[in-house]
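Hi there,

Here is the structure I promised to pass on. Please have a look, and then read on for my notes.

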Amino acid sequence: MSEQQDVQNDNGTPTEIASQDAVYNPSSDKTQSTEEILNALNALNPKAISNATQNGHEPVIAQQENFQDSQPDPPSEWHALRDKLREHPQDPEGWNKLVDIAENAGDLEQIKQTYEALLETYPNTSSAQIAYLNHFLSPGLFQYAEELFKRFLRTSPLVDLWKFYLTYVRRVNTSPSSREAVSRAYEFALNRIGQDKDSGEIWYDYIQFLKAGETTTTWEEQQKMDALRKVYHRAVQIPLENVEKLWSELESFENSLNKITAKKFMSDLSPSYMQARTVLRQLQRHLGPLFPPPPPSSSSRPPIYLPPAPTFNAAERALVGSWKTYLKWEESNPLEFEEKDKATMISRIQGVYRKALIRMRYYSEIWYMAFVWTNSIGKQEEALNILKAGMEANPTSFLLHFAYAEVQESRKEHSEVTAMFDRFLEPLRADLEELESRVNSANSSFSSDASGRTVPAGAFNASGTVSNNSSFATQATDEKPPKSKELQERRTEYGLVWIMYIRYARRAHDLKTFRAIFAKARKDRWTPWEVYEAAALMEYHCNKDGGMGVASRIFEKGLESFGDEIEFVLRYLGFLISVNDDNNARALFERVIPTFSPERARPLWERWARYEYQFGDLEAAQKLEKRIAEVYPTDPPIKRFAQRHTYLGTDAIAARDLGFAMAGRQQIGPGSSASSLEKRTDSLVSITSTAHMPPTQPPPKRQPSPELKRREDSVKPDFAPPAKRPRPSSPPRDRDRERFNDGPSSRKRFGSPAGWEKDRDRELHPIKRDRDHDDKSSTLPTVLSWFVGQLPNPGSFDGPIFRTDDLMMLLRNAVIPSATRRATPPPSPAPPRGRPPPDYGPYQGPGGGRGRRY
């Protein structure tokens with residue numbers, strides 16, 4: 001039954017039918033007497049009118065009571081759940097619950113609506129189809145059951161439904177004269193699903209059916225033997241679950257007829273049989289993880305497995321990978337079909353893909369694989385139908401919609417491509433609005449994100465600066481969607497569809513059609529800045545007559561809406577530089593640079609400085625550096641100087657003069673005090689600038705080096721001695737320091753003034769002791785000095801790093817069973833006091849440490 005019938009049945013309530021009779025008619029809007037009104041109301045509810053008249057009240061109370069009586073009853077559990085599933089159909093648990101409600105109610109019409117709606121969402125679900133058919137296997141309902149069989153069997157590749165069909169056929173065809181109909185049903189089923197490994201039971205039943213046939217003449221007996229031999233020979237060449245049993249039966253059958261011919265037949269079939277056995281073992285390994293057991297049913301009926309919506313977790317990605325491996329294996333022709341049996345191979349692979357699409361309904365990659373394979377064998381129409389079905393199951397799939405657009409464009413079906421893009425944008429837009437509502441509910445008031453302030457359209461005044469009347473932090477949600485990372489990513493993906501749309505319009509039609517599509521995109525509030533850039537570049541490259549001017553106007557139009565997007569401004573600036581429009585590029589830079597905070601404006605400064613360094617004169621570059629130094633006073637002078645003498649990422653100053661190339665070759669390990677510095681080989685400036693940052697404006701935090709952490713952990717008053725470089729051995733890690741300092745943080749605040757001196761001495765005592773120890777000169781013999789020099793660098797160790805104290809604690813507390821008495825765990829050690837023991841770092845390889853092993 002169609003969805004339209006479902007809606008009609010749901011909406012045809014007595015209350016709504018009664019309300020249709022009371023439709024307002026403007027032609028009958030005349031003033032009537034009070035008596036006529038009372039008579040009309042009395043006809044509706046005489047008791048209420050009489051009570052109202054006796055009490056001296058107006059008959060409005062009777063109208064209210066009548067209105068309350070006409071209020072619809074609350075929807076039943078089935079109707080409420082059905083409405084919920086219309087909005088969110090990908091809910092397997094909800095569908096199973098809806099089936100249970102309908103089954104328990106026993107209403108045949110409701111059962112029909114339930115299963116029809118379920119099979120519309122999950123087509124070819126054999127368990128649901130069988131449960132649906134079971135309600136119409138009574139003698140008076142066979143006609144409806146046969147109509148359902150015709151619908152379901154046409155596209156079903158599942159063996160259990162075909163078994164159910166054959167059981168039904170044998171049930172209604174019991175007379176000897178109807179054996180031909182049963183035989184045709186078996187042949188029909190085996191031609192469709194006979195290559196499935198689970199169809200062995202059908203092959204066996206068909207053989208037993210043929211054996212049970214009665215014959216009266218020798219000719220009929222000979223026909224019966226030939227039919228049996230033909231079915232046997234077909235079955236033993238297929239990797240069926242019971243192929244070995246069928247082979248042994250075939251051997252007994254042939255020997256019972258003629259031992260001489262039996263030997264010939266068996267020797268001819270033996271290679272195909274052995275190949276089928278080998279493939280069966282491989283097939284079982286492939287199919288094991290693909291068909292897990294269904295979840296237990298909450299009722300007495302068999303469980304209905306429905307594929308859930310994908311979450312792309314590790315298990316689901318592994319499942320997709322297993323399906324892809326299996327499908328590729330089937331395409332590789334493991335049964336080694338010859339050219340004359342190509343139709344059988346195609347039928348087998350086609351059935352495999354159909355089963356995959358049922359189980360993996362919401363994975364676009366599987367649909368695309370089925371499309372590519374079907375198209376490769378020359379079935380273009382069937383491949384196109386696969387894409388249509390995939391888009392219906394996955395209305396937000398970029399892969400399937402883009403593939404469908406290319407196929408239809410190659411077939412010159414331009415109207416279909418246009419309609420597809422329009423349909424595709426609708427669910428994406430709905431998802432964006434739903435995500436926006438969630439973001440708004442999470443953030444009750446709209447505010448700009450952490451990347452910077454928001455500049456609304458029209459914020460620029462005539463002088464190129466930001467107008468004082470515009471508010472950057474209070475933009476309304478209806479002017480621009482709220483900013484969140486997920487929403488921005490989804491919006492960019494939404495813009496990709498518009499870009500593909502205008503690209504298709506330019507290819508298939510002309511620039512006029514492309515501009516019309518772009519005009520539609522501009523009216524969409526969800527259109528991102530990437531669409532403006534794509535349209536501008538398309539005008540520049542494809543419009544040979546005035547394309548430069550049109551592209552600039554598109555960029556300017558986009559600047560009105562996306563003036564606060566640093567990426568868009570950078571792309572616009574890069575475009576003007578690439579077309580050698582230096583005057584407009586300089587004007588754009590001066591116009592937008594005051595609208596961004598220094599933190600966000602750095603990419604703009606970098607881009608314009610790079611242009612000035614490469615193509616400007618020295619005086620202009622020096623003036624620009626002076627302006628940058630005013631905006632970023634903490635940047636050292638060597639930063640700009642090094643950037644001015646860099647080209648294509650080659651920074652010789654950093655590599656040679658500052659030794660970063662040598663430091664990179666030495667591969668200093670993470671335990672070194674300079675490791676965090678030497679890992680930054682991409683830019684000299686980023687490293688040197690952080691060392692000159694004043695405390696009032698801290699730079700973005702990096703992972704501190706051990707040396708910096710040691711300095712931070714040791715409190716340094718103004719009169720404290722300078723912190724020394726740590727000893728060559730690895731310093732204690734943060735966790736060690738926290739554990740031995742009796743607190744989560746080792747940065748202790750000094751307490752009362754009375755204990756201030758004592759706390760200070762205790763904090764600074766390790767530094768003094770390190771200094772006294774390092775000041776003592778120690779020399780090694782020449783041989784030992786040479787040996788130490790030959791040891792590998794600590795950074796060359798790339799194996800696992802073990803926590804030595806944790807490992808020793810584990811070994812200390814290990815309970816080793818004894819043959820004489822039961823071992824008892826030793827008492828836990830007392831917490832250490834004072835300074836923690838030194839951590840000598842990880843195992844350094846043979847000869848590289850102090851003899852410790854992990």
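Ile-101 sits in helix H7, which spans residues 92-105; helices here (H or I, at least four residues) and strands (E, at least two) are DSSP runs, numbered from the N terminus. With a relative accessible area of 18%, Ile-101 is buried, since buried means under 20% relative accessible area, exposed over 50% and partly exposed in between (1.4 Å probe, protein chains only). Setting aside neighbours within four places in sequence, Ile-101 is in contact with Glu-77, Trp-78, Leu-81 and Gln-110, where contact means heavy atoms within 4.5 Å. Leu-81 is 20 residues from Ile-101 in sequence, and their C-alpha atoms are 9.7 Å apart.

Before you go further, please note that this is a predicted model, in which local features need pLDDT of at least 70 and side-chain atom pairs count only at pLDDT 80 or more, while totals for chains, interfaces and linings use all residues. Residues are numbered from 1 along each chain as its sequence is written, and side-chain values use heavy atoms, with hydrogens and water left out.

On the whole protein: it has 40 helices and 0 strands. Of its 854 residues, 37% count as buried. Among contacts with a separation of 6 or more, 62% are between residues 24 or more positions apart. The protein exposes about 50,700 Å², and carbon and sulfur atoms supply 53% of that area; accessible areas come from the Shrake-Rupley method with a 1.4 Å probe, and for residues only the protein chains shown count as cover.

Now to the charged side chains. Side chains of opposite charge can pair when their charged atoms come close. Taking a salt bridge as a side-chain nitrogen of Lys or Arg within 4 Å of a carboxyl oxygen of Asp or Glu, the count comes to 39. These are among them:

- Glu-625 and Arg-644 form a salt bridge at 2.8 Å, N to O. This pair links distant parts of the chain, with Glu-625 in helix H30 (residues 618-631) and Arg-644 in helix H31 (residues 637-644), 19 residues apart. Glu-625 is buried at 14% relative accessible area, whereas Arg-644 is partly exposed at 22%.
- Asp-635 and Lys-639 meet in a salt bridge of 3.0 Å, N to O. Asp-635 is buried at 14%, and Lys-639 is buried at 5%. Both belong to a network of salt bridges that also takes in Arg-602, Glu-606 and Arg-640.
- Lys-340 and Asp-341 are joined by a salt bridge of 3.4 Å, N to O. Lys-340 is exposed, at 65% relative accessibility, and Asp-341 is partly exposed, at 27%.

Which buried residue has no salt bridge? That is Asp-581, whose nearest side chain of opposite charge, Arg-586, is 8.8 Å away; Lys and Arg count as positive and Asp and Glu as negative, with His and the chain ends not counted. Asp-581 lies in the loop between helix H27 (566-578) and helix H28 (582-592). Beyond its neighbours within four places in sequence, Asp-581 is in contact with Met-548 and Leu-576.

Arg-586 itself is in helix H28 and is partly exposed, with a relative accessible area of 32%. Not counting residues up to four places away in sequence, Arg-586 touches Trp-608 and Glu-612. The side chains of Arg-586 and Glu-612 are joined by a polar contact of 3.2 Å (a pair of N or O atoms within 3.5 Å; within protein, one must be able to donate a hydrogen and the other to accept it, and residues adjacent in sequence count only if both atoms are side-chain atoms). The C-alpha atoms of Arg-586 and Leu-576, 10 residues apart along the chain, are separated by 9.1 Å.

Most residues other than glycine have a negative phi. Lys-412, however, has a positive phi near 65 degrees; Lys-412 is in the loop between helix H21 (398-410) and helix H22 (414-442) and is exposed at 62%. Leu-648 has a positive phi as well, near 55 degrees; its place is the loop between H31 and helix H32 (652-657), and Leu-648 is exposed at 74%.
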